[in-house]
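Here are my notes on the model, as numbered points. Please read them with the structure open.

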Amino acid sequence: MATTACFIIVSRNDIPIYEAEVGVAAKREDAAQLHQFILHAALDVVQDLAWTTSAMYLKSVDRFNELVVSVYVTAGHTRFMLLHDSRNDDGIKSFFQEVHELYIKVILPLLHSITWLIYMLPFFNYLLTFILSVRI
């Protein structure tokens, strides 16, 4: 498992839907804000890449020191963004595919606004942490 990981789901309207800090606690007290800043700064690069390629997994799109931003874009242009320090590309791709399946299973049967839906499901965080620990 990666020692540092921050996962975020961003809607097609650039609204953060879900955020999770996973891994070993950071040494800096402002690490959570730094991670959010790095991920949001990468959104412009992701938007440009999403329209130029048909691939859903965009691999690493941005770097900051030893941290890498990997992105997966769904067909509905929801972005799954992972900030990590791991070099396991196959594990990260598998992680994104499993999270995409989980996301579809959670969202598909419900006809509510997705901006608050995932926060209402406590098992989503547990499953996400489990998938991350297995794949990365």
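1. Start with the largest nonpolar core of this predicted model. It has 24 residues. F7, I9, F80, L82, F95 and F96 touch the most other members. The elements β1 (4–10), β2 (16–23), β5, α3 (89–107) and α5 (122–135) each supply at least two residues. α3 gives the most, with eight.

2. Look at F7 next. Neighbours within four places in sequence aside, F7 is in contact with Y18, E19, A20, F80, M81, L82, F95, F96, V99 and L128. There is also a second, separate core, of 17 residues. C6, I8, I38 and V61 are among its members.

3. Helix α1 spans residues 31–41, and its buried residues are A31, H35, I38 and L39. These residues sit on the same side of α1, because they cover an arc of only 95° around the axis. Q33 and F37 are exposed, on the face turned away from the buried side.

4. Strands β3 (residues 57–64) and β4 (residues 67–73) pair in the antiparallel sense, over six bridges. They form a hairpin, with two residues between them. In the turn, N65 has a positive phi of about 50°. S60 stands opposite S70 in β4.

5. S70 has a further partner. Its side chain makes a polar contact of 2.8 Å with the side chain of H84. H84 lies in strand β5, residues 79–84. Is H84 buried or exposed? Its relative accessibility is 1%, so H84 counts as buried; the cut-off is under 20%.

Methods: Residues are numbered from 1 along each chain as its sequence is written. This is a predicted model: local features need pLDDT of at least 70, side-chain atom pairs count only at pLDDT 80 or more; totals for chains, interfaces and linings use all residues. Side-chain values use heavy atoms; hydrogens and water are left out. Buried means under 20% relative accessible area, exposed over 50%, partly exposed in between (1.4 Å probe, protein chains only). Helices (H or I, at least four residues) and strands (E, at least two) are DSSP runs, numbered from the N terminus. The arc is that of the directions from the helix axis to the C-beta atoms. A polar contact is a pair of N or O atoms within 3.5 Å; within protein, one must be able to donate a hydrogen and the other to accept it, and residues adjacent in sequence count only if both atoms are side-chain atoms. Two strands pair if DSSP finds at least two bridges between them. A nonpolar core is a set of buried Ala, Val, Leu, Ile, Met, Phe, Trp, Tyr and Cys residues joined through side-chain atoms within 4.5 Å. Contact means heavy atoms within 4.5 Å.
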